[in-house]
Amino acid sequence: MMKMLKKIFKIIVILFSTIFISGAILTLLIFYCPANPFIEWKETIVTTAMKTMRHQYIAKIFLSDKEIKSIMDKNSIKEPIKNSNIEDIKVLIENNVPSFIESEEERNKKQEELNKVELIDIKDKNYEGYLLIVNDPSRIKVISTDKLGKQGMKLKDIVEKYNFLGGINAGGFIDKGGHGRGGTPTECIIQDYKIVYGKENRKYNIIGFNKDDVMVLGQYTLDDARKLNIRDAVGFEPFLIVNGVPTIKEGNGGWGIQPRTAIGQTKDGKVLMLVIDGRQLHSVGATLKDVQDIMMQYGAYNAANLDGGSSTVMYYDNKLINKPSSRYGERYLPSAFVIEKRDMYSNN
């Protein structure tokens, strides 16, 4: 019996030694071999680690500050921030709205198309996600927590309390030590033309919609937002597509692999609401470049990244659609982009 136990113990030791040695060799290859695919793996690990507060040591153990900076610079978005061109989309949106000039059959056909909301599964070898396509951009609103500055709300509670069809998380929040309560936004919030959070004279990375239901991206003050008639918006970054041009030209975007949330709009007005699961066995996560590629694939003319990580969540048609990475489930949020329910539409 003792001989058998010793033999089993020896096998276990050999097995774990082999795994450890193999892991050590692979780690050395990833960080020090100057050839693909190890360079790409290294850059992915470094950008992922450095965009977190808790795990930057993973990169710093193996690389100098100079090497880390070089990798971050290489993968970061180098395009200067541009403001989206509102007029490009406005005309096409107006053409899609039913008009009394048209026949009843034409109006009904347009209205039926305008009413559509489609949920699409997004799958890749490294990630899984979901895309909502909302044909009528006037249905997209921003809702903030009812205890702004103190306590956030879960997306499910926001959608159900205010009777929306669905939505995704939007802006970021102060989260010291990973214990944020979701009540204090990092940037501005504009809700039904009212500035519910933000400071005057500060420029924000505005992501929102104006009175004509056109998606607006740009660096603006709150006074600029008023002049632009922005009805609903949050502040966040980076912008991924501006006026049909992708902003990430090389590298992965500099934010590594994480759960992702993004919003975009096609040139004919449709709104794209995307979530990608991450930090899980079924879905590792996506880079900003991955998100940009998905948005381009579905015709986004403008698109922007929203708060990701464990905040990434989509709720639609009375169901939690994705799998948030937090072990506690949905996080408390300061804001959300939501979809209004509209059973009956007016042609006025």
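This presentation walks through the predicted model of one protein, from its overall make-up to a few individual residues.

Good morning, colleagues. I shall begin with the chain as a whole. The protein contains 9 helices and 17 strands. It has 348 residues, and 47% of them are buried. I would also draw your attention to the way the chain meets itself. If we take the contacts between residues at least 6 apart in sequence, 70% of these join residues at least 24 apart.

The largest nonpolar core has 28 residues, and the members that touch the most others are I140, I207, I263, M273 and F337. Another core lies apart from it; this one has 19 residues, including L240, A262, L272 and I294.

Next, a pair of helices. How do the axes of α2 and α4 cross? Helix α2 covers residues 38-50 and helix α4 covers residues 65-75; their axes come within 10 Å and cross at roughly 95 degrees. An angle from 65 to 115 degrees counts as roughly perpendicular, so α2 is roughly perpendicular to α4. On the side of α2, the residues that take part are K42, E43, V46, T47 and M50, and they meet I68, I71, M72, K74 and N75 of α4. Sorted by class, this contact comprises 5 nonpolar, 2 polar and 3 charged residues.

Is N210 buried or exposed? Its relative accessibility is 3%, and buried means under 20%, so N210 counts as buried. Its side chain has polar partners in the backbone. One is the backbone nitrogen of D212, which the side chain of N210 reaches at 2.9 Å. Another is the backbone nitrogen of V214, 3.0 Å from a polar atom of that side chain. Once neighbours within four places in sequence are set aside, N210 is in contact with I86, V216, L228, N229, I230 and R231.

Staying in this part of the chain, please look at D213. It sits in the loop between β7 and β8, the latter being residues 215-220. Although D213 is not a glycine, its phi is positive, at about 70 degrees. D213 is buried, with a relative accessible area of 15%.

R279 also has a positive phi without being a glycine, with a value near 60 degrees. Its place is the loop between β13 (271-276) and α9 (288-297). In terms of accessibility, R279 counts as partly exposed, at 47%.

A further point of backbone geometry concerns P238. Which kind of peptide bond joins E237 and P238? The bond is cis, with an omega of about -5 degrees. P238 lies in the loop that links β9 (230-235) and β10 (239-242).

E160 is part of helix α7, residues 155-161. With a relative accessible area of 41%, E160 is partly exposed. E160 and Y315 are 155 residues apart along the chain, and their C-alpha atoms are separated by 9.8 Å.

Leaving out neighbours within four places in sequence, L320 is in contact with V313, M314, Y315 and E330. L320 itself is found in strand β16, residues 319-320, and is partly exposed at 38% relative accessibility.

Where is G171 placed? It lies in the loop between β4 (164-169) and β5 (189-191). G171 is buried, its relative accessible area being 7%. From G171 to C188 the sequence separation is 17 residues, and the C-alpha atoms are 8.3 Å apart. Not counting residues up to four places away in sequence, G171 touches V234, G235, F236, D307, P334 and S335.

To close, I would ask you to keep two pictures from this predicted model in mind. One is the roughly perpendicular arrangement of α2 and α4. The other is N210, a buried residue whose side chain reaches the backbone nitrogen of D212. Thank you for your attention.

Conventions:
Residues numbered from 1 in each chain as written. Predicted model: local features only at pLDDT ≥ 70, side-chain atom pairs only at ≥ 80, totals over all residues. Heavy atoms only, no water. Axes fitted to C-alpha atoms, helices over the stretch in contact; angles between N-to-C directions. Helix = DSSP H or I, 4+ residues; strand = E, 2+ residues; numbered from the N terminus. Parallel < 35°, antiparallel > 145°, perpendicular 65-115°, else oblique. Contact = heavy atoms within 4.5 Å. Nonpolar A, V, L, I, M, F, W, Y, C, P; charged D, E, K, R; others polar. Core = buried A, V, L, I, M, F, W, Y, C linked by side-chain atoms within 4.5 Å. Buried < 20%, exposed > 50% of the residue type's maximum accessible area, 1.4 Å probe, protein only. Polar contact = N/O pair within 3.5 Å; in protein donor to acceptor, adjacent residues only side chain to side chain.
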